[in-house]
Amino acid sequence: MKWFEPRRHAYPWRGTSDPYAVLVSEVMLQQTQAARVVPAFERFLGRFPTVAALAQAPRADVVRVWEGLGYNRRAVALSEAARAIVRDHGGRVPADPEELERLPGVGPYTAAAVASFAYGATIAAVDTNVRRVVARARLGREPGEVRRDTIDDEAGRWLDRGHPAEWNQALMDLGREVCRPEPRCEACPIAADCRSRSGSRRSRMAPRRTAPFEGSMRQVRGGIVRLLRRRAASVGELAAQAGFPVERIVDAIGALVGDGLVVADAAARAGRATGRVRLAD
Ligand code: SF4
């Protein structure tokens, strides 16, 4: 906790206990680095300052403001979550993790994070970073060597019940900055008590492999949404401007339609270059 102290206000979402702001930040942080989330978070809350404002906004506006974060499905899910909160919870973000988990785009980690950060619930928020710290420090194993529920149970036992929000955030920062896939044990504040540090297990820790992005379906989908933010377009125009074959554009459009991000006319769905596509409302 002493190590965490200077990091306590490192990000704008840590200065708030507004459950809506916490929810927005956690959805953004699901697949985007914190440094990139900061400007997007401030822009998003400037445009949609409340759950009600987000619930009322056309989905295309939400996707536009999401620009730069990628994984645009999260924008759609957040928009749907805001509508569900207004419709089913009187506009108040639920405090109960089980109710939070029923919202679109909210999994067990995000539900626990919102309940803990915004409402002070005594629940461990276990993301990939925390799972790595708990597995190594408490169980003396790599996370891939232990059942996930074993790690989650241990995280619950380890939780500082007097300061659950700070504790969860501290473990996240520790996993992100120090206990990385290739750990920096020499800079670790809990090294003296770590069960991995005391052995020679570090040599067995495999460096993380990342999925290639170049040419991936994610890149094609991201390119299409970027172009459609400016204006509606035909399949042929999208292929030419994004620099991918029409077949790949058509496949990506099918996936984006399935996610509720874009709307395609019958010709586009049939794979014709003249078919029209636009962002969903
Ligand atoms: S001592 Fe090393 S392995 Fe243990 S928690 Fe710290 S960084 Fe991770």
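In this predicted model, the mean pLDDT of the protein chain is 89, and 94% of the residues reach a score of at least 70.

The secondary structure of the protein chain consists of 14 helices and 3 strands. The C-alpha trace spans about 65 × 45 × 30 Å along its principal axes. Of the 281 residues in the chain, 36% are buried. Among contacts between residues at least 6 apart in sequence, 57% join residues at least 24 apart.

The 3 strands form an open sheet in the order E1-E3-E2, with antiparallel pairing. Strand E1 (233-234) and strand E2 (262-264) are the edge strands, and each of them pairs on one side only. In general, the strands of a sheet pair through backbone hydrogen bonds, in either a parallel or an antiparallel sense. Strand E3 comprises residues 276-279 and is joined to E2 by 3 bridges, the two strands running antiparallel. Within this pairing, Val262 stands opposite Leu279 of E3, and Val263 stands opposite Arg278 of E3. The pairing of E1 with E3 is also antiparallel and extends over 2 bridges. There, Ser234 has Arg276 of E3 as its bridge partner.

Nonpolar side chains tend to be buried together in soluble globular proteins. The largest nonpolar core of the model contains 78 residues. The members that touch the most other members are Val24, Val114, Ile224, Ile249 and Ile253. When neighbours within four places in sequence are left aside, Ile253 is in contact with Ile224, Val262, Ala264, Ala268 and Val277. Of these contacts, Ile224 is itself among the core residues that touch the most other members, and Val262 is the residue that stands opposite Leu279 in the sheet.

The shell around the ligand holds 14 residues, of which Cys179, Cys185, Cys188, Cys194 and Arg197 come nearest. By class, the shell divides into 10 nonpolar residues, 1 polar residue and 3 charged residues.

Several individual positions were examined, beginning with the segment before helix H1. Pro12 is found in this segment. Leaving out neighbours within four places in sequence, Pro12 is in contact with Val38, Phe41 and Glu42. The C-alpha atoms of Pro12 and Pro39 are separated by 9.6 Å, with the two residues 27 apart along the chain.

Asp18 also has its place in the segment before helix H1, which covers residues 19-29. With 17 other C-beta atoms within 10 Å, Asp18 is partly exposed. A separation of 37 Å is found between the C-alpha atoms of Asp18 and Glu186, which are 168 residues apart along the chain.

Arg59 lies in helix H4, made up of residues 59-65. Arg59 has 17 other C-beta atoms within 10 Å and is therefore partly exposed. Not counting residues up to four places away in sequence, Arg59 touches Val76, Ser79, Ala280 and Asp281. Arg59 and Leu261 are 202 residues apart along the chain, and their C-alpha atoms are separated by 8.1 Å.

Tyr71 lies in the loop between H4 and helix H5, the latter covering residues 73-89. The phi angle of Tyr71 is near 45°, which is a positive value in a residue other than glycine. Tyr71 counts as partly exposed, since 16 C-beta neighbours lie inside 10 Å.

Conventions. Residues are numbered from 1 along each chain as its sequence is written. This is a predicted model: local features need pLDDT of at least 70, side-chain atom pairs count only at pLDDT 80 or more; totals for chains, interfaces and linings use all residues. A nonpolar core is a set of buried Ala, Val, Leu, Ile, Met, Phe, Trp, Tyr and Cys residues joined through C-beta atoms within 7 Å. A residue is buried if 20 or more other C-beta atoms lie within 10 Å of its own, exposed if 12 or fewer, and partly exposed in between; C-beta atoms are placed from the backbone. Two residues are in contact if their C-beta atoms, placed from the backbone, lie within 7 Å. A residue is near a molecule or strand if its C-beta atom, placed from the backbone, lies within 6 Å of it. Ala, Val, Leu, Ile, Met, Phe, Trp, Tyr, Cys and Pro count as nonpolar, Asp, Glu, Lys and Arg as charged, and the others, Gly among them, as polar. pLDDT is the predictor's confidence in each residue, from 0 to 100. Two strands pair if DSSP finds at least two bridges between them. Helices (H or I, at least four residues) and strands (E, at least two) are DSSP runs, numbered from the N terminus.
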